[in-house]
Amino acid sequence: MSRDDTSLAKNVLGVPGIVFLVLAAVAPLTGMIVIAAIGIAVGNGGGMVAAFLLATVVLLLFAVGYAQMSRVLTSAGGFYAFVVKGLGRTPGLVAGFVAMLGYNCFVAGAIGTSGFFTSTAIDDVFGLKLDWLFWSALSVVLVLLLSRRGIAVSAKVLGVSLILEVSILLIMDFSVLFRHGFSFAAFSPSVMFQGAGGLALLFAANAFIGFEATALFGEEAKDPKRTIPRATYIAIGFIGVFAAFTTWAVVSAIGAEQAQDVAAAHLSSGDLVLSVAQEYLGGPLTKVMLLLLVVSLFAALLALHNSATRYLYALGRVGVLPRLLGKTNPRNGAPRYASIVQLVFGSLVALAFRLAGLDPVADLTASMTGFGTLGILTLQLFAAVAILVYFRRTRDRRVVKTLIAPGLGAVGLGLIVTLAILNFPTLAGSSNGVVPLLPWLLLIVALAGLALAGWLRRFRPAVYAALEDDLERDPASSDVVGQ
């Protein structure tokens, strides 16, 4: 059916499609090889299993209020729209700026990460040496081509990628279980409370980055008032259980009591999980895992690009950014220009780091992905507070669902954001150059959002009003495609 050129595709994503989109952004294989391994080394060793379970509880509590809010509001603006609804236009615009910069920086870092690890894997497996920038450029081109085919195509591609990367980890996990057994020492107080528990919780929460994107696809979902909450619960539950199970397998294989020391010894090479795979899967399957790491990183780049694009689209649609960014392809609803602008920004950032001779991981990934992570965690906290305020303002009587559970989730997210700011170099994985100063960029972004809100209120009141008026769109009333 025909549509205008500012509407996303309607009724094309069910629960599985949205789950694939957000879990691909989470990148389970990358999360285990990188995030879990670092958490074991610098956090609380074998207690990292419990840290994943605690992070799951915090985010599920948050998801209770999130689910109620998603039944009230459906918008491509995601958490930025939640903040507008709960706290008003000006705080919403601040949240929109944090989201926009956070996601775009994350994609820039993901471009470098994908290029570097693809270069390394191809060299290790096939003996072909090419500069990481070549693989980054190829990834960007493929992401652009796929994203322009529409969100349904991306969901299918990401679904296949997700199944492959999860499968290889589960094969390793069960190999450890059947050959060695899982150690319950990981849940002993002496293990859970050793080391830096706060850092363990921070890295555990980092492994969930991407789940919040469920709200971004509300306008493209089938029956969004049910689909979005279900997809959110499934995504958080799956990430938490899977991460805890795989981490349990890893710490059992290396010994729960000495897991921190063993992981620390592998920290510089980043091969803790691969060393376990080598022992329990053998050389050929470990090489498959290395290649699937490349697939995982590309899938994450594609999924994060889709999320970042929708923030640019939402802000362009209301006129805060150039309205050209709010244009879509009438055939499949894919954002036309926001997609290009997003990838151009990420590519130019990656190219600047390459021309400066900086390291793609220690410099590009650390700074961009580090700040992106902090920005998205802050966005989650904004949304948690907005949900609480909205339901208190409307005097909702469901105390457990709209006050107690989301309130506890907000407290947990506040703790995680505080830990992220205080330990930012550790979170980013680098203290090089300006990396330790990047949290101050959040303040600059917030001030920019406040300044723009004031300017819009005075000189462009129609645009300022549209920040809230745009939330009144009813996706169910729009034309349906993809039927």
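## Contacts and overall fold

In the chain, 83% of the contacts with a separation of 6 or more join residues 24 or more positions apart. The model is predicted. Its secondary structure is 19 helices and zero strands.

The chain has 483 residues and a radius of gyration of 21 Å. A compact globule with that residue count would come out near 23 Å, so the chain agrees with the globule rule. Along the principal axes, the C-alpha atoms fill a box of roughly 60 × 50 × 45 Å.

## Burial and surface

Of the 483 residues, 60% are buried. The chain exposes about 18200 Å². Carbon and sulfur atoms supply 67% of that area.

Charge is the next point. The chain carries 32 positive and 24 negative side chains. The centres of the two sets lie 12 Å apart.

## Aromatic pairs

How many aromatic pairs does the structure hold? There are 18. One of them joins Phe182 and Trp248, with ring centres 4.9 Å apart. Their planes meet at 55°. Edge-to-face needs over 60 degrees and stacked needs under 30, so this pair counts as tilted.

The pair links distant parts of the chain, 66 residues apart. Phe182 sits in the loop between α7 (151-179) and α8 (189-192). Trp248 belongs to helix α10 (residues 224-254). Both Phe182 and Trp248 are buried.

## Aromatic cluster

Phe182 and Trp248 are also part of one aromatic cluster.

Technical notes:
Residues numbered from 1 in each chain as written. Predicted model: local features only at pLDDT ≥ 70, side-chain atom pairs only at ≥ 80, totals over all residues. Heavy atoms only, no water. Helix = DSSP H or I, 4+ residues; strand = E, 2+ residues; numbered from the N terminus. Rg over C-alpha atoms; globule rule 2.2 N^0.38 Å. Buried < 20%, exposed > 50% of the residue type's maximum accessible area, 1.4 Å probe, protein only. Contact = heavy atoms within 4.5 Å. Areas by Shrake-Rupley, 256 points an atom, 1.4 Å probe, with all protein chains shown as cover. Lys, Arg positive; Asp, Glu negative; His and termini not counted. Charge placed at Lys NZ, Arg CZ, Asp CG, Glu CD. Phe/Tyr/Trp six-rings, centres within 6.5 Å; stacked < 30°, edge-to-face > 60°.
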